[in-house]
Amino acid sequence: MIRRPPRSTLFPYTTLFRSTDRIHRQKDFLRRLKAPNPRPANYAENWAVILASALLFLLVAAADYSTGPRMMFLPLYLFPAMLITLFLNLRWGTVIVVLAALCASTEEYLDKFDPSVAEVFGWNLAMRFVISFLVILLLDRLRHENVLFLSRKQNGGANGATHA
C-alpha cells in the first residue's frame with residue numbers, strides 16, 4: 001500500500017508552481033522593455049494630450065525659472081511625463097523625463113554656475129532622472145496591466161483561468 005504524503009509537505013510544491021507564473025510575467029516585462037515598441041505612438045488621436053503636455057511643461061519651466069532655486073518644481077514636471085506615458089508610450093515619457101531633469105538641474109545652477117560644484121550638478125541631474133523615471137515606469141506598468149485586463153475581459157477570460 002502506497003501512502004500519500006501529508007498535506008504539509010505539498011505546501012512548498014504548490015507555492016513553487018504558482019510562483020512560476022509570476023517569474024514568467026517578470027521575464028515578459030523585462031523582454032518588453034528591451035523589445036521594439038509594441039504600441040507605437042498614435043499622434044493623430046492624441047494631439048490634444050501632446051499639446052496640453054507641452055504647454056504644461058513650458059508653464060512649469062517658466063515658473064521654475066522665474067522663482068529661481070528657492071522653490072523646487074520637480075513633482076510638477078512629472079505631470080506632462082505621466083500624461084505622455086499614459087497616452088503615447090514609455091519611450092516618449094522618458095524623453096519628457098530627461099528634459100525635465102535637464103531643465104530642473106540647469107535652472108538651479110544657471111545664474112551662479114561654479115565648476116567646483118559640477119559633481120553636485122551631475123548627482124542632482126542623475127537623481128532627478130532616476131526618481132522621475134521610476135514613477136513613469138510604474139505608471140507604464142499599470143497601463144500595460146490595464147490593457148491586459150481589458151483584453152482578457154473582452155475575450156471572456158480566454159482560458160477560463162484566473163490569476164491571483
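A: **Helix α3 and its neighbours**

Keep in mind that this is a predicted model. Let's start with α2 and α3: their axes come within 8 Å and cross at roughly 165 degrees. Angles over 145 degrees count as roughly antiparallel, so α2 is roughly antiparallel to α3. The crossing of this pair is left-handed.

Who does the touching? On the α2 side, the contact includes Val49, Ile50, Leu56, Phe57 and Asp64. On the α3 side, Leu76, Tyr77, Phe79, Pro80 and Phe87 are among the residues taking part. Sort the residues of this α2 and α3 contact by class and you get 13 nonpolar, one polar and one charged.

Now look at α3 with α5. Here the axes come within 10 Å and cross at roughly 35 degrees, and the crossing is right-handed. From α3, Leu74, Leu78, Ala81, Met82, Thr85 and Leu86 meet a set of α5 residues that includes Arg128, Ser132, Ile136 and Arg143. By class, the α3 and α5 contact splits into eight nonpolar, two polar and three charged residues.

Leaving out residues up to four places away in sequence, Ala81 touches Gly93, Ile96, Val97 and Ile136. Ala81 also belongs to the largest nonpolar core, which has 15 residues; Phe57, Tyr77, Ala81, Ile96 and Ile136 touch the most other members. The elements giving two or more residues to this core are α2, α3, α4 and α5, with α4 giving the most, five residues. As background, nonpolar side chains tend to be buried together in soluble globular proteins.

Notes. Residues numbered from 1 in each chain as written. Predicted model: local features only at pLDDT ≥ 70, side-chain atom pairs only at ≥ 80, totals over all residues. Heavy atoms only, no water. Core = buried A, V, L, I, M, F, W, Y, C linked by side-chain atoms within 4.5 Å. Buried < 20%, exposed > 50% of the residue type's maximum accessible area, 1.4 Å probe, protein only. Helix = DSSP H or I, 4+ residues; strand = E, 2+ residues; numbered from the N terminus. Contact = heavy atoms within 4.5 Å. Axes fitted to C-alpha atoms, helices over the stretch in contact; angles between N-to-C directions. Parallel < 35°, antiparallel > 145°, perpendicular 65-115°, else oblique. Left-handed = near helix turned anticlockwise from the far one by under 90°. Nonpolar A, V, L, I, M, F, W, Y, C, P; charged D, E, K, R; others polar.
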